[in-house]
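Reader: Hi! I'd like to go through a structure with you before I set anything up. Could you put it on screen?

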Amino acid sequence: MAVNPSPGLELPENVVVSRLDELANWCRKNSLWPMPFATACCGIELMATGASKHDLARFGAEVFRFSPRQCDLMIVAGRVVMKMLPVLQRIWLQMSEPKWCISMGACASTGGVFDTYAVVQGIDRFIPVDMYVPGCPPRPEQLIQAIIDLQDKIQREGTITGREFDTAGRQLRKRALVESADPLTIDASRNPVLQRRLSEFAESSSAR
Amino acid sequence: MSEATSSREPSSHDPAITGSERAADEAIAAVTTAFPGVESSVFRGQRRLVVPVERSFTLLESLKEAGFDLLVDVSCVDYLEYRGAKHRFGLVYLLASTATNARLTVRVFVDEPVEGDDSCPVVRSVVPLWEGANWLEREVWDLFGIRFEGHPDLRRLVMPEEFAAHPLRKDYPLQGRGERHNFPVLTRDRS
């Protein structure tokens, strides 16, 4: 995080130079305010995660608020029925930017065992999701891992404007990378170890 | 009423049950004499009447006057492809008497009309008799598609209003017909 932009210049003591994006991300990732959208047994594990034994406060995400206006992390814990879906979407829209979403458990992520007309088969069909937690229900440790991973994601990809995760743009860039690279040819020009191995292989095969 | 009285086992140690059963039998006897064609049967002490659909309201009305003042439940069974079934749907009215503790099941069998625009059977509503039938009949309409004539407010109860099918019918696929895909999808860019 701390980078000295001009190595020749001596900075005074106790001064750290950083990018504003990274400073904002660092603040945001360490004070996530979860919105508990707990509809089933995953909600019990969510409560256990917030309680004293697992102590979500260690990761700065212990302040559960029941108003979407005060939250920036929606944790969907449990199955969402089709009739509940407009409520879920409205709550998501009511949360202010920047905001993130964790889909906790098999039901929220895929519908789980409830493959019926009444249950949404994965909330990512209808709202954006940043982290998926497997399990039925997941242990609190798994949810904590998801929050730690989300913190990494915020630190890496967030921006100061709060328009996080330029998903469409990133996918375009990824696709450009994939389409430009030929998967059958090995590019050894920037890898000296690979260059040496390849030359050794060429020598041995010519000697034989 | 000989069938009902003969198949009942005497329960001398519990006079309260006997009293309620006797009250139920008296009411059933009165109704079956007034309505010929109504079948009655007893299975393990539970009394049951099978009523033609066109006379269900008047029979339930006279049962209410005969002492069955509480409507416990209105439910339905879909007998599509059921072995030996003669009718498509079987409505269930569970009645009870708060004075004598007697209980009674009334079955009404209905079929889908052959012609008609929406192929929904029509049964007369019992909301004029029991106010509590309002939501029970709405639930049956919602899940089985049985229309209750004379219901004051026959809207869906458990499914969303824009839902088009009746999902507890046996010919409705378990995973639905894609109704939930009508909702708008919120993306990161638009929300």
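**Walking through the model**

Author: Happy to! Chain A has seven helices and four strands. Keep in mind that this is a predicted model.

Reader: Thanks! In what order do the elements of chain A run from the N terminus on?

Author: They go α-β-α-β-α-β-α-β-α-α-α.

Reader: And what do the four strands form?

Author: They make an open sheet, in the order S1-S2-S3-S4 of chain A, with parallel pairing. Its edge strands are S1 (34-38) and S4 (131-133) of chain A, each of which pairs on one side only. Direction ignored, neighbouring strands of this sheet are turned by 15° against each other on average.

Reader: How many bridges join S2 to S3 in chain A?

Author: Five, between residues 73-77 of strand S2 and residues 100-104 of strand S3 in chain A, and the two run parallel. If you want one pair to click on, A:Met74 has A:Cys101 in S3(A) as its bridge partner.

Reader: Nice. Which strands does helix H2 of chain A lie across?

Author: Helix H2 (residues 42-50) of chain A lies across S1, S2 and S3 of chain A, and it runs at about 150° to S1(A).

Reader: What share of chain A is buried?

Author: Of the 208 residues in chain A, 29% are buried. As for contacts in chain A with a separation of 6 or more, 74% come from residues 24 or more positions apart.

Reader: Which residue other than glycine has a positive phi?

Author: A:Asn14 is one of them, with phi near 65°. You'll find A:Asn14 in the segment before helix H1 (20-29) of chain A. In chain B, B:Arg44 has a positive phi of about 50° without being a glycine. B:Arg44 is in the loop between strand S1 (39-43) and strand S2 (46-51) of chain B.

Reader: Is A:Asn14 buried or exposed? And B:Arg44, buried or exposed?

Author: A:Asn14 is exposed, because it has 5 other C-beta atoms within 10 Å. B:Arg44 counts as exposed too, with 7 C-beta neighbours inside 10 Å.

Reader: While we're in chain B, how many residues of H4(B) are buried?

Author: Nine of the twelve, so H4(B) is largely enclosed by the rest of the structure. Among the buried ones are B:Leu136, B:Val140, B:Trp141 and B:Phe144.

Reader: Which strands do those buried residues pack against?

Author: The buried residues of H4(B) pack against S3 (70-78), S4 (89-96) and S7 (147-149) of chain B.

Reader: What span should helix H4 of chain B have, at 1.5 Å a residue?

Author: Its twelve residues, 133-144, should span 16 Å, and the end C-alpha atoms of H4(B) are 16 Å apart, which agrees. Just after H4(B), B:Gly145 takes a positive phi of about 70°.

Reader: Last one: how many residues from each chain does the contact take?

Author: It takes 17 residues from chain A and 14 residues from chain B. On the chain B side touching chain A, there are six nonpolar, four polar and four charged residues.

Terms used:
Residues are numbered from 1 along each chain as its sequence is written. Chains are lettered from A and ligands numbered from 1 in the order in which they are written. This is a predicted model: local features need pLDDT of at least 70, side-chain atom pairs count only at pLDDT 80 or more; totals for chains, interfaces and linings use all residues. Two residues are in contact if their C-beta atoms, placed from the backbone, lie within 7 Å. Ala, Val, Leu, Ile, Met, Phe, Trp, Tyr, Cys and Pro count as nonpolar, Asp, Glu, Lys and Arg as charged, and the others, Gly among them, as polar. Two strands pair if DSSP finds at least two bridges between them. Axes are lines fitted to C-alpha atoms, for helices over the stretch in contact, and angles run from 0 to 180 degrees between N-to-C directions. A residue is buried if 20 or more other C-beta atoms lie within 10 Å of its own, exposed if 12 or fewer, and partly exposed in between; C-beta atoms are placed from the backbone. The expected span of a helix is 1.5 Å times one less than its number of residues.
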